[in-house]
Amino acid sequence: MSKHLSLSDRAIIEKGIAQGCSFAYIARQLHRDPSTITREVRYHRAFVFDERFDINSCLEFHRCLRRNLCETETRYSCLGKCKNCTEYDCTQICPSFQSVNCDLLSRAPYVCTRCPEEKTCRRNHAYYTAHRAHAEYARLLRDSRRGLRTPPEKLLELNDLIAPLIAKGQSINHIFSTHGDQIGLSERTIYNYIDARAFDIRNIDLPRKVKYRQRHPQKILTKLEYKCRKGRTINDFNSYLEANPHLPVIEMDTVKGARGSKQVLLTFIFRETSFMLVFLLKDGTQESVTSVFDNLTALVGLDTFRKLFPVILTDNGVEFKGPHKLEFTENGARRTRIFYCDPQASWQKPHVENNHTLIRRILPKGTSFQFLTPEDIHLMTCHINSVARELFANNTPFSMMKEEKYKKLLEALALSPIPPDEVCLRPALLKRNH
């Protein structure tokens, strides 16, 4: 039996849902596990939503006339309606808020089929259809196999000078930025020497540099539009940047360790400088992410936080599905704006994804994060941001953080650059720190 569901299998699932059969009964018909049916329906259901609710997720948004919901000193001098306020989120403070998303969609059968209130319900509806689900599956399968990778470029070095630096995990580009005059050869020549085994180091000792075949952007078949994505999709992100082209963008993501290790790394990267912040979370929950935002706000102040993190682009991980707590402080003041990439479209935030390769040189995949301490992450952050970047004319991210807001952030987090020859991107960096 194939591991993949066929169109006929999906037709049986659609028919079973229409007849009110349980997922366990449908699974027995297909000789599958019930969890397989659950994932299939949840991942490939289509969400039919009213585009008018992209701005606000309240069911009564277009008929709402509420004013003066906030408790600020200027509440009575505010002449506008609360639903149009840009400083406060009315859905968080209004006692009459009704979400357009139905709570019944969070449990089986995860769709509105056979719901007795289906025709009268004004909330968003979700449905599962075999042909649409199979088309989405085929598209995802095709896209995952598209694009051929070229072999890694051959990386080379001079033995006496470069071998000790390569052992620390430094790249050829970083070494040339600090010792180019001493080497006296081109980078290409050094690569050829190592490939010819002229020195003690080998290609396997060098960080891999991989080129990808250019992929043309494809329209992503978006899954169920959760409440958190309303007004925060990649299209909303692009529109917001067009209206505010001067605003810097920060990409946010998480890095997970081996199975069983609860601790998670939360990463930010400033597109303007390629500077990466890394924080150690006790677990991958929304509360842990929110605590980092609250701590950063307290450290640098609300005004500086707004200047540092005006726009944040992230993925659809469960730890980021509490955007209101991230966008607003506890007293309801806005501090940032959160936007989400399309599902399975990590290429839409390439900067943070590419910089994760530097983390993986120090913490390879399969490494448990349970032994990590905040001091380890602080040290790793300093070393990573001390690596010269070819994109910025071999300047390091530290050297690019010249604005006053960046200096205040570095001072608050006690981050400082590492001397070029002492930069280490190997697991030994953290082992020797213990």
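How many of the 434 residues in the protein are buried, as a percentage? I started my notebook with that one, and the answer is 44%. A reminder to myself before going on: this is a predicted model.

**Entry 1: the overall count**

I looked up the secondary structure and found 17 helices and 7 strands in the protein. I then checked how far apart in sequence the contacting residues lie. Taking the contacts with a separation of 6 or more, I see that 70% are between residues 24 or more positions apart.

**Entry 2: the sheet**

Next I followed the strands. Five of them, in the order β5-β4-β3-β6-β7, form an open sheet with mixed pairing. On average, neighbouring strands here are turned by 25° against each other, direction ignored.

**Entry 3: strand β6 and its partners**

Which strand pairs with β6 in the parallel sense over 3 bridges? I found that it is β3, residues 249-256, while β6 itself spans residues 311-314. Reading across this pair, I see V249 opposite V311 and I250 opposite I312.

On to β7, which runs parallel to β6 and is joined to it by 4 bridges. I looked up I312 again here, and its bridge partner in β7 is I338.

Are the faces of β6 covered or open? Both are covered: V311 and L313 are buried on one side, and I312 and T314 are buried on the other.

Helix α9 (residues 234-243) lies across β3, β6 and β7, and I noted its direction as about 130° to β7. Helix α13 (residues 350-362) lies across β3, β4 (264-270) and β5, at about 40° to β3.

I picked T273, which sits in the loop between β4 and β5. Buried or exposed? T273 counts as buried because its relative accessibility is 2%, and the cut-off for buried is under 20%. Setting aside residues up to four places away in sequence, I listed its contacts as F392, P397, M400, M401 and Y406.

Y406 made me curious, and I traced it to helix α16 (residues 404-413). Y406 is buried too, at a relative accessible area of 2%. Apart from neighbours within four places in sequence, Y406 touches F270, E272, T273, L308 and M401. I also checked Y406 against T304: they are 102 residues apart along the chain, yet their C-alpha atoms are separated by 9.1 Å.

**Entry 4: the α1 and α2 pair**

How do α1 (residues 7-18) and α2 (residues 23-30) pack? Their axes are 10 Å apart, at an angle of about 150°. The two helices are therefore roughly antiparallel to each other. I noted the crossing of α1 past α2 as right-handed.

For the contact itself, α1 brings D9, I12, I13, G16 and I17, and these meet F23, I26, Q29 and L30 in α2. Sorting the residues of this contact, I get 6 nonpolar, 2 polar and 1 charged.

Methods. Residues numbered from 1 in each chain as written. Predicted model: local features only at pLDDT ≥ 70, side-chain atom pairs only at ≥ 80, totals over all residues. Heavy atoms only, no water. Pairing = 2+ DSSP bridges. Axes fitted to C-alpha atoms, helices over the stretch in contact; angles between N-to-C directions. Contact = heavy atoms within 4.5 Å. Parallel < 35°, antiparallel > 145°, perpendicular 65-115°, else oblique. Left-handed = near helix turned anticlockwise from the far one by under 90°. Nonpolar A, V, L, I, M, F, W, Y, C, P; charged D, E, K, R; others polar. Buried < 20%, exposed > 50% of the residue type's maximum accessible area, 1.4 Å probe, protein only.
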